[in-house]
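Open the structure in a viewer and keep the selection tool at hand. The stops below are meant to be taken in order.

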Amino acid sequence: MRVSGSGPGSMRLRLLLTLAALWLSDANEPGTAMTTRDINQQTRESISDYTVKGHDLSTPGSHLSTQDFNQQTEENISNLTSAMYSISIDGFSSAPVEENVTLYSPANITLLCNLTRTSTDSATVEVTWKKDNERVESRNVTINEIKNVWSTQYTLKIRDRNQMGNYTCVFKSDQEVQATFHLQVPQIDGKEHHIVSYVGDSVVLVCKSLKYIPINWIWYMSNGSDQVAVNDSLMPDKYIVDEKYANITKLKILNISEKDDTSYWCQAVFKLGESKGKVSLKVLTYMTPLKPFLAIAAEVIILVAIVFLYEMYSKKKQMHAEDEKEFEQIEQLKSEDNNGVENSTTRHRKV
C-alpha cells in the first residue's frame, strides 16, 4: 500500500496504522495481554484471598477479624501446659494426705486420687470431690474401680485466680479418708526473715522468686494494722526499688530512723494470683549495744562497792574487838594491881 499526500486525512491514516502496529506487537508478547475477564477474575481472587486471610477491606491495616481472634485464642489454650498430679492412699485407716501444686500460669491439670482397699473394707464406696469444703458437681470427674483400687480424677482448666484453692477427694464407706491438693502460686524464697540495722545507716531488703518470674513486684510497709504501698517515685531520697533482675526485687531504705522500725512486705504478682514475703526491720541506736556493757559495769561497780564496804566493816569490827580486848586487859591489870595493894596492906596490918 502506498500513501501519498500530507493532508489531515493522511495524518489520521498514519495514526491509525501506528496504533494498530502497537496493538499487534503487544498481543504477540506472551503474558502481557489482559482482557476484561482476566482483570475481573484477578480482582475477585485478590478480594477472596484478602478476606480469607482475615483482613477487613473497609479499614486499612492488619486488624484481626473475629475468626482470627477466636482461632488465636484456641491456639493459646491448646498450647497451655498439661500436667497430672496424683496422691495414693493406703486404706481407710490412713491419715489425710496433702500435696502442694504450684501453678505459675494458666494450665490444664488432672488431679488423681488412688485408694487401695483391703479385704475387710466394705465393697461400697462413695467418692466425692470438694473445693474449699464445698462439694463439686462436675462432668470432669471420673471414678473407676480396678480390683482393690478405687481411682478418681478431676480434670481442670485453670484460667484465673478464682479457680485456685484446695481440692479434696473424699472416699467414704464405713470409714472416711481424704486427700487434698493445694493449688497455689509460686512462693517467695525465704518467706520471712529479719534484718537489724542502726539509725543513720542504709539497708537493702531483698525478695526472690527462684524458679518463676513474676509479672510485677510491689513493696508494702506496715502502718499499724494496715499495709501502705512504698512509692519510691514520690520519695526518691528515702526509697530506691531495684528490679534489675526480673525474679529479684530490692528495696533500699536510706538514712533510716527509729520510725522505719517495722515490717515490710514484697508482693510478687503472677497470672493466677499473688505471693507475699515478709522482711522485719529492727532499727537500733548506737547506745543500744552499749546498754549491756553499761549494765555489767554498773553491776561490777556495785559489787566492788559492796566488797569495799564489807572490808571496811570487817576492819572496823576487828579494830573494835581489839579495842575491847585491850580494854579488858587493862581492866584486868588494874584489878590485879588493886588485889596486890590490898594484899600488901593486909600483910602490913598483920605485922
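The tour goes from the whole chain to its disulfides and then to its aromatic rings.

**The whole chain**

Bear in mind that this model is predicted. Colour the chain by secondary structure: it has four helices and 17 strands. Of its 351 residues, 25% are buried. The chain exposes about 25200 Å², with carbon and sulfur atoms supplying 54% of that area. Among contacts between residues at least 6 apart in sequence, 64% join residues at least 24 apart.

**The disulfides**

How many disulfides does a search of the whole structure find? It finds two. Counted along the chain, the bonded cysteines follow the pattern 1-2, 3-4.

Select Cys113 and Cys169, whose sulfur atoms are 2.0 Å apart in a disulfide. The torsion about this S-S bond is about -95°, so the disulfide is left-handed. Cys113 belongs to strand E3 and Cys169 to strand E8, 56 residues apart. Cys113 counts as buried at 0% relative accessibility, and Cys169 is likewise buried at 0%.

Next select Cys207 and Cys266, joined by a disulfide with an S to S distance of 1.9 Å. This link is left-handed, with -85° about the S-S bond. Cys207 is in strand E11 (residues 203–208) and Cys266 is in strand E16, so the pair ties together parts 59 residues apart in sequence. Both Cys207 and Cys266 are buried.

**The aromatic rings**

Now show the side chains of the aromatic residues, where the count comes to five aromatic pairs. Start with Tyr104 and Phe270: their ring centres are 6.0 Å apart and their planes are at 75°, so the pair is edge-to-face. Tyr104 lies in the loop between strand E2 (97–102) and strand E3 (107–116), while Phe270 lies in strand E16 (residues 263–270), so the pair ties together parts 166 residues apart in sequence.

Move on to Tyr154 and Tyr167, an edge-to-face pair with 5.9 Å centre to centre and 65° between the planes. Tyr154 is in strand E7 (residues 149–158) and Tyr167 in strand E8 (residues 165–172), 13 residues apart. Tyr154 counts as buried at 8% relative accessibility, and Tyr167 is buried with a relative accessible area of 3%.

For the last stop, select Lys276 and Tyr220. The charged end of Lys276 sits over the ring of Tyr220, 5.2 Å from the ring centre.

Note on methods: Residues are numbered from 1 along each chain as its sequence is written. This is a predicted model: local features need pLDDT of at least 70, side-chain atom pairs count only at pLDDT 80 or more; totals for chains, interfaces and linings use all residues. Side-chain values use heavy atoms; hydrogens and water are left out. Rings of Phe, Tyr and Trp (its six-membered ring) pair if their centres lie within 6.5 Å; planes under 30 degrees apart count as stacked, over 60 as edge-to-face and the rest as tilted. Helices (H or I, at least four residues) and strands (E, at least two) are DSSP runs, numbered from the N terminus. Buried means under 20% relative accessible area, exposed over 50%, partly exposed in between (1.4 Å probe, protein chains only). A charge sits over a ring if NZ of Lys or CZ of Arg is within 6 Å of the ring centre and within 35 degrees of the ring normal. Contact means heavy atoms within 4.5 Å. Accessible areas come from the Shrake-Rupley method with a 1.4 Å probe; for residues, only the protein chains shown count as cover. A disulfide is a pair of cysteine sulfur atoms within 2.5 Å.
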